[in-house]
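Reader: I've got a complex open on my screen and I'd like to talk it through. Can you walk me round it, one question at a time?

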Amino acid sequence: MNLNVTMLAQAVTFFVFIFFCKKFVWPPLMRAIETRQKQIADGLTAAEEGKKSLENASRQADEAIAQARGRASEIVAQAEKRVSQMIEEAKTAARAEGDRELAAAKSEIEQEVSRAKETLRTQVATLAVAGAEKILMREVDAKAHADILSDVQKQL
Amino acid sequence: MAAAGQELNPTSYISHHLTNRTVSLGEGPFWTLHLDTWLTAVFLAVVGFGFLWWIVRGATAGVPNKRQAFVEMLFDFVDDQVKGIFHGNRAFVAPLALTVFVWVLLMNAMDFIPVDLAALVSSHVLQQHEWKPVPTSDVNTTFALALSVWGLMIFYNLKVKGIGGWTHELFCTPFGAWFFPLNFLFNLVEYISKPLSHSLRLYGNIYAGEIIFMLLWMWAATGLVGSLFGGVLALGWAIFHILIVALQAYIFMMLTIVYMSMAHESH
């Protein structure tokens, strides 16, 4: 072992590089690492918040959907009620209209029948008179026998 | 290789490779500078910390590239070790630990270069026939590091505890004020043994590793069989030596952190 000035030179070199390391090497990289750590931590926090707000939003959406569904079924129920009501009204109206038309048709038919009867009666009377004329071979005095004729007419 | 004309025997081979290139800076043996130790150490430090500086200057807080990720792993490893032992502001101790670890690791790793290959480079490129390439197998380096750490320890003892507090600690711990001579003796031994064990542990491990390498390389020079077995054994030793190199750098760093921590905390 021969200790000599080499030791001093090495010690000086050592301190120079400690200084270099402390001043120029260590701080910048540590700063970079710490900045990255902070960024990652912030990112994780943001992700957590995002997850939370997503949960919130989906819960709100679920609520809105449930509400809408309830409202829709309400509307459908109302509509159904209204529809059946309308159908009922329409039925009633149709029935009334039918009855009315039926009655009108009946009365018309009756009128027609009575008119036909009247015509028939007149014609039959005319025929009867014509037949009687032919049987009697002479002219019947329509005026003289008007009462008889109307009598016959009534009997027909 | 040994200088031309010299006979190749174990003693000459080993002593040749363990001789430092010296420069005399003044009168007396103390002013001898081991040029090889110092220049290799400075070169390794410049390369190592220059690399780190280059990466760190372009460091991004975003997605790091692979180089930066590697350096970040290294920093994180050192920072974790410091965090585990040293409780306080790491602004000085962590860079100190990084410097110690990287520098000692690089200097130890010079052991992996076969001595004759290193000698080839030093003799042809640097025109130096004597060049010991492993700075940590020079006791000057390990003492320089250990004594620097020791000086920092004394400095922080005084700075944190004050001269009164430190004196009190020296005389009153660990056995209490009544045993102050025993305490002082105890602490004295501790303070003397710290730099000794700190430096000699590293020096001994690396020096021994180097000697074993040299024996194997010498065997490798004796013929075909020697080359074969010497090569295989040297490979095995080199693989095992990776552990020693890294472990000694790690231990040196850990002890540095421990001493700094002890200086900052009162018993």
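Reader: Let's start with helix H2 (residues 35-57) of chain B and H4(B): do their axes count as parallel, perpendicular or oblique?

Author: Bear in mind that this is a predicted model. The two axes come within 9 Å and cross at roughly 125°. Angles of 65 to 115 degrees would be roughly perpendicular and those over 145 roughly antiparallel.

Reader: Is the crossing of H2(B) and H4(B) left-handed or right-handed, then?

Author: Packed helices are described by the angle between their axes and by the distance between the axes. Handedness is one more thing to look at here. H2(B) passes H4(B) in a crossing that is right-handed.

Reader: Which residues of H4(B) does H2(B) meet?

Author: From H2(B), the residues involved are Ala41(B), Leu44(B), Ala45(B), Gly48(B) and Phe49(B). By class the contact has 8 nonpolar, 1 polar and no charged residues. On the H4(B) side, the partners are Val102(B), Trp103(B), Leu106(B) and Met107(B).

Reader: What about H1(B) and H7(B): how do they sit relative to each other?

Author: Their axes are 10 Å apart and the helices pack at an angle of about 135°. H1(B) passes H7(B) in a right-handed crossing. Anything over 145 degrees would count as roughly antiparallel. The angle stays out of that class, and the pair is therefore oblique.

Reader: How many charged residues are there in the contact of H1(B) with H7(B)?

Author: Pro10(B), Tyr13(B), Ile14(B) and His17(B) come from H1(B), and they meet Ile211(B), Met214(B) and Met218(B) in H7(B). That contact divides into 6 nonpolar residues and 1 polar one, and the number of charged residues is none: no charged.

Reader: Where in chain B is the confidence lowest, and where is it highest, going by helices?

Author: Overall, chain B has a mean pLDDT of 90, with 97% of its residues at 70 or more. Over residues 1-5 of chain B, though, the pLDDT is below 50, and that stretch has 7 contacts in the model beyond near neighbours in sequence. Going by elements, the lowest mean is 81, in helix H1 (residues 10-17), and the highest is 96, in helix H4 (residues 93-109).

Reader: Which peptide bond of Pro174(B) is cis?

Author: Look in the loop between helix H6 (139-172) and helix H7 (180-220) of chain B, where Pro174(B) is found. Omega there is about 5°, and the cis bond joins Thr173(B) and Pro174(B).

Reader: In what order do the elements of chain B run?

Author: Chain B has 8 helices and 2 strands. Its C-alpha trace spans about 70 × 55 × 40 Å along the principal axes. From the N terminus on, the order is α-β-β-α-α-α-α-α-α-α.

Reader: And chain A: what is its radius of gyration?

Author: Chain A has 2 helices and 0 strands. Its C-alpha atoms fill a box of roughly 190 × 25 × 25 Å along the principal axes. A compact globule of 156 residues would come out near 15 Å, but the radius of gyration of chain A is 60 Å.

Methods. Residues numbered from 1 in each chain as written. Chains lettered and ligands numbered in written order. Predicted model: local features only at pLDDT ≥ 70, side-chain atom pairs only at ≥ 80, totals over all residues. pLDDT = per-residue confidence, 0-100. Helix = DSSP H or I, 4+ residues; strand = E, 2+ residues; numbered from the N terminus. Contact = placed C-beta atoms within 7 Å. Axes fitted to C-alpha atoms, helices over the stretch in contact; angles between N-to-C directions. Left-handed = near helix turned anticlockwise from the far one by under 90°. Nonpolar A, V, L, I, M, F, W, Y, C, P; charged D, E, K, R; others polar. Rg over C-alpha atoms; globule rule 2.2 N^0.38 Å. Parallel < 35°, antiparallel > 145°, perpendicular 65-115°, else oblique.
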